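Hi everyone, thanks for coming.

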Amino acid sequence: NALWFSDAAPTQPIAFSHKLHAGDHKIPCQHCHIYAERSPVAGVPPVSKCMGCHSNIAVDKPEIRKLAAYWEQQEPIPWIKVHDLPDFTHFSHKRHVRAGLACQSFHGPGEQMTVLTRVAPMTMGWCLSCHQTRAVRFGTDCWTCHQ
């Protein structure tokens with residue numbers, strides 16, 4: 001997947017609005033991305049999480065009908081990653097969430113985005129700059145070459 005170096009927003013199977021959910025309805029990121037505090041990955045919400053609300057809310061809207069179809073077919077939604085890092089990188093959501101960093105530090109103001117797009121380059125230089133600014137050491141091996 002070459003998306004890791006692109007700022008493009010992929011066309012998703014369902015037009016999910018972070019603005020509506022996280023912004024207007026003020027649903028916290030970790031309500032849906034339940035693994036962020038305890039795992040290297042934040043996790044994509046299962047269809048059952050979405051259907052917890054949408055079995056009763058906005059059921060006649062076209063995008064919710066698409067959601068319900070995945071639920072009825074017992075299939076996961078084939079979301080396309082927006083923040084897809086190259087395989088050679090290691091990023092732990094758990095460490096960053098537990099350090100008190102807001103999701104917006106990396107993902108931008110998702111609560112204002114109807115279509116989620118990448119706002120930070122998410123390159124090694126970008127990460128190193130943040131770690132240096134915050135005086136965070138994450139291993140002597142990295143700093144040997146990347147100072």
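Phe 91 has 23% relative accessibility, so Phe 91 counts as partly exposed; here buried means under 20% relative accessible area, exposed means over 50%, and partly exposed is in between, with a 1.4 Å probe and protein chains only.

A quick word on the source. This is a predicted model, where local features need pLDDT of at least 70, side-chain atom pairs count only at pLDDT 80 or more, and totals for chains, interfaces and linings use all residues. Residues are numbered from 1 along each chain as its sequence is written, and side-chain values use heavy atoms, with hydrogens and water left out.

Now, what does Phe 91 pair with? The structure holds three aromatic pairs, where rings of Phe, Tyr and Trp (its six-membered ring) pair if their centres lie within 6.5 Å, and planes under 30 degrees apart count as stacked, over 60 as edge-to-face and the rest as tilted. One of them joins Phe 91 and Phe 106: the centres are 5.4 Å apart and the planes sit at 70 degrees, so this pair is edge-to-face. Phe 91 is in the loop between H4 and helix H5 (93-98), while Phe 106 is in helix H6 (residues 104-107), 15 residues apart. Helices are DSSP runs of H or I with at least four residues, strands are E runs of at least two, and both are numbered from the N terminus.

Phe 106, at 12% relative accessibility, counts as buried. Phe 106 also pairs edge-to-face with Trp 126, at 6.0 Å centre to centre and 80 degrees between the planes. Since Trp 126 lies in helix H7 (residues 124-133) and Phe 106 in H6, that pair ties together parts 20 residues apart in sequence. Trp 126 is partly exposed, at 25% relative accessible area. Together, ring pairs link Phe 91, Phe 106 and Trp 126 into a cluster.

Next, a helix pair. Helix H3 (residues 47-54) and helix H4 (residues 62-72) pack at about 130 degrees, with axes 10 Å apart. Axes are lines fitted to C-alpha atoms, for helices over the stretch in contact, and angles run from 0 to 180 degrees between N-to-C directions. Among the residues that meet are Met 51 in H3 and Leu 67 in H4, contact being heavy atoms within 4.5 Å.

Finally, the overall picture: the protein has eight helices and zero strands, and 26% of its 147 residues count as buried. Happy to chat!
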